[in-house]
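Have the viewer open and follow along.

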Amino acid sequence: MIVIVDPDIEKTSDQYHQLLNYLSSLPNIQVREHEEQGAQQRLTELYLVGDTASLSLDDISAVPGVDKVVRISKEYRILGRHKNDTRSTHFEYNGVRFGQDNLHIFAGLCAVDNPEHVEIMMKALKDNGQVCTRMGAYKPRSNPYSFQGHGKSCLDYVFDIAGKYDIKVIAMEVTHESHIDEISASLEKTGHPTGVMLQIGTRNTQNFELLKAIGRQRVFPVLLKRGFGITLEESINAAEYLASEGNRNVVFALRGMKSHFGDPHRNMVDFSHVPVVKRLTRMPVCIDPSHSVGIRVESPDHMQDILQATAQGIIAGANMVLVDFHPAPDKALVDGPQALTMKELPYFIEDVMIARDAYEKRLGLAKQFYSK
Ligand code: PEP
Ligand code: MN
């Protein structure tokens, strides 16, 4: 059970202490406090753990200082969507709002290779009205002899160039908790010209110690990739690890599942699960068409599979698209065969907007139909 404290009540007030004492005195109940800083106000939530089945929703709601009470119906206590749960489905980071109701494109380099390519990419994004990107510095590779990413040595120039082109958020994978400190140090050194969303890759979805470390910090939001060989429930529980440690600014990414049934695509595209994740949880949902489809191929109608998969995710209500671009895909050090080109960026954005517009029209139609 989650008790949401009236936002007007100070944590130092007598009323707050009385509320806390009352809840703590309930038999077989432990109380865990969680504070959430929203754009406008600070919210305090009290998690009641233990024998909550015997508690009455009405009794707890009537206690002075209580704004709302949510009975947790399922797992995923913090990020799950429960019955009568009106808690927010969005968060803000570095001036950018991430929600289940809006959409951002994160086009960028799978792996940073050199400052020239970073600059071409960021400039193209600015020229096309974009404020987010993806930039891989730490690359988890299947083969130990493959390029592992430039790591911390590229961070300063990536952040400087991002600042020059008004990029507000960079999705960047981290594979070890020390990378959080390296990113923080570089942002500090360069004067915080941009922001970072820490990405947890599909190979690390169940790296619980990494999840806990990333969850303990509240500076950076997190993009958690679905594990490519585990159940959806296990992947959502991985997201819940982040929230249970304190960080609930989490976006959940679908990136395809490992299966030869998806051939000739790199993975089996799973974007029909966009509405499923939005129904089960309050997280914004990202799609990664590049790592799902994994190849540049087009059908006789000249539509590329990567764009088709993107449209399928967007028309189903996705809130973020993570997509690989490269100024010279044949020279890319990682995943060149799936990268789109700079020339294709405005086309890609326009195509995404068509699909988003169709989603919004479908929403309107559904509302109209069921209000009859
Ligand atoms: C990536 O986005 O660069 C990546 C490695 O993705 P995934 O973890 O989904 O394979
Ligand atoms: Mn990649």
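## Two positive phi values

Let's begin with His302, which sits in the loop between helix H9 (289–293) and helix H10 (305–315). This is a predicted model, and in it the phi of His302 is near 70°, a positive value in a residue other than glycine. His302 has a relative accessible area of 57%, over the 50% cut-off, so this residue counts as exposed.

You will find Asn28 in the loop between helix H1 (14–24) and strand S2 (29–37). With a relative accessible area of 56%, Asn28 is exposed.

## A cis peptide bond

Where does the backbone hold a cis peptide bond? Look at the link between Asp263 and Pro264, where omega is about 10°. Pro264 belongs to the loop between strand S12 (250–254) and helix H8 (274–280).

## Aromatic rings

Now for the side chains: the structure holds five aromatic pairs. One of them is formed by Phe91 and Phe98, with 5.4 Å centre to centre and 25° between the planes, a stacked arrangement. The rings of Phe98 and Phe106 have centres 6.1 Å apart and planes at 45°, so this pair is tilted.

Through these ring pairs, Phe91, Phe98 and Phe106 are linked into a cluster. Are its members buried or exposed? Phe91 and Phe98 are both buried, and Phe106 is buried as well, with a relative accessible area of 0%. For Phe98 the relative accessibility is 2%.

## The overall fold

Stepping back, the chain contains 11 helices and 14 strands. Its radius of gyration is 22 Å, close to the 21 Å from the globule rule for 372 residues, so the chain is as compact as a globular protein of that length. The C-alpha trace spans about 65 × 55 × 35 Å along its principal axes.

Of the 372 residues in the chain, 52% are buried. Among contacts with a separation of 6 or more, 71% are between residues 24 or more positions apart.

## Surface and charge

What does the chain show to the outside?

Methods
Residues numbered from 1 in each chain as written. Chains lettered and ligands numbered in written order. Predicted model: local features only at pLDDT ≥ 70, side-chain atom pairs only at ≥ 80, totals over all residues. Heavy atoms only, no water. Helix = DSSP H or I, 4+ residues; strand = E, 2+ residues; numbered from the N terminus. Rg over C-alpha atoms; globule rule 2.2 N^0.38 Å. Buried < 20%, exposed > 50% of the residue type's maximum accessible area, 1.4 Å probe, protein only. Contact = heavy atoms within 4.5 Å. Phe/Tyr/Trp six-rings, centres within 6.5 Å; stacked < 30°, edge-to-face > 60°.
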